Amino acid sequence: MPSLVSVPALAEAEDTVLAGVPDEYRHYFNGRPVPFVKRHWEFPGRAANIPLARAFLDTCAAARDSDFRYLFALLGTELATNAIKHSRSGEEGQTFVLRVTRTPTGLTLVCRDNGTPHDGPLAPVAPTADRLTAENGRGLALVDSFATTWGDNGHPSIRKVWFHLAYDMTGSSWPAA
């Protein structure tokens, strides 16, 4: 297995982002395992909210081992970033939603954004070695390579991109990376 760095917690400087979360929902972002079947949160479509999205994803996977937690948060953060950068969710006043479903075999994340101006399903750029290490344009290649399975609804007006990550990482190239 690759050696991993820990997923960073919300920094004190980002308390202003957490300030918008009502007290009864703060446990969604604290990194501690809490039983759930489904959990979702609607995030403002600003890059400043990516650490909050990452904390949400890390908390959803908190009961799992460090590799699973890291990978789930990484892939989910890529989808959240894509929602902001490549859809109307990144426009002023817009939002995106992360929805996590826990099953007996793994976690499924759906990222719903406010759509893009083009039609058709998403396709990853060929996941070549240099594409996976590039600074930009690697999000869907990472999801394609490391998720157990993934897809999208193909609707341009409200796009839902999803992935499933099996607890045992079946179907993922992560252990081989």
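**Rings and their partners**

Author: Arg39 lies over the face of Phe36, with 4.6 Å to the ring centre. Arg39 also lies over the face of Tyr28, at 4.4 Å from that ring's centre. A charge sits over a ring if NZ of Lys or CZ of Arg is within 6 Å of the ring centre and within 35 degrees of the ring normal.

This is a predicted model: local features need pLDDT of at least 70, side-chain atom pairs count only at pLDDT 80 or more, and totals for chains, interfaces and linings use all residues. Residues are numbered from 1 along each chain as its sequence is written, and side-chain values use heavy atoms, without hydrogens and water.

Tyr28 also belongs to an aromatic cluster, together with Tyr25, Phe29, Trp41, Phe43, Phe56 and Phe96. Across the whole structure, a search finds 15 aromatic pairs. Rings of Phe, Tyr and Trp (its six-membered ring) pair if their centres lie within 6.5 Å; planes under 30 degrees apart are stacked, over 60 edge-to-face, the rest tilted.

Tyr70 and Trp174 make a tilted pair: 5.9 Å centre to centre, with 40° between the planes. This pair links distant parts of the chain, 104 residues apart. Tyr70 sits in helix α3 (residues 66-86), and Trp174 in the segment after β5 (160-166). Helices (H or I, at least four residues) and strands (E, at least two) are DSSP runs, numbered from the N terminus.

Trp174 counts as buried because its relative accessibility is 7%. Buried means under 20% relative accessible area, exposed over 50%, partly exposed in between (1.4 Å probe, protein chains only).
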